[in-house]
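Open the model in your viewer and keep the selection panel at hand. The stops below go from one residue to its surroundings and then to the whole chain.

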Amino acid sequence: MQKTTMVNGASGRGAERAVGERSGEAAGRVAATIPDPELVEQARRRQFTAEYKLRIVQQADACTQPGEVGALLRREGLYSSLLSAWRQQRDAGALAALRQPRGRKKAHPLQADNAKLRARAERAEAELVKARKVIEVQGNVSALLAQLLEANSAGSEPSSQT
């Protein structure tokens, strides 16, 4: 026989729980569908595109009735300081500049070919310097061998004449 307890007017198995605590089944369903707004893994700043900023500023400028701008900001989840900053950016022409793609401009195809040819020329020049050194060393070795042969042949001639 199962023991049932009565807490806060609830009865049945497992009815002892803290006030506000839900049953496991109900809590599982709620947690699966609605994320907990108080627990954020890592806070991230919101980023708005230039098109979005311009659209909101245009909508705010089109508002004529009192309270329309506030309703727009509430609907979009924005602060009035963002709207005034975006208006300043629009007036300074910054929003038009933000539409341009970010990063470096793509290099001209001839620049890539030019860089390849320069690298090839540098490698050829380095090989030429090495080849000249090898030729110089071979010339020095040849000269030394010629001197040694002359010295040997000069040293052996007097002995053969006697």
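Select Val-141 first: its relative accessibility is 42%, so Val-141 counts as partly exposed (buried is under 20% relative accessible area, exposed over 50%, partly exposed in between, with a 1.4 Å probe and protein chains only). This is a predicted model, in which local features need pLDDT of at least 70 and side-chain atom pairs count only at pLDDT 80 or more, while totals for chains, interfaces and linings use all residues. Residues are numbered from 1 along each chain as its sequence is written, and side-chain values use heavy atoms, leaving out hydrogens and water.

Helices are DSSP runs of H or I with at least four residues, strands are runs of E with at least two, and numbering starts at the N terminus.

Accessible areas come from the Shrake-Rupley method with a 1.4 Å probe, and for residues only the protein chains shown count as cover.

Finally, clear the selection and show the whole protein. Six helices and two strands are present, in the order β-β-α-α-α-α-α-α from the N terminus on. Of the 162 residues, 9% are buried. The accessible surface comes to about 14,600 Å², with 54% belonging to carbon and sulfur atoms.
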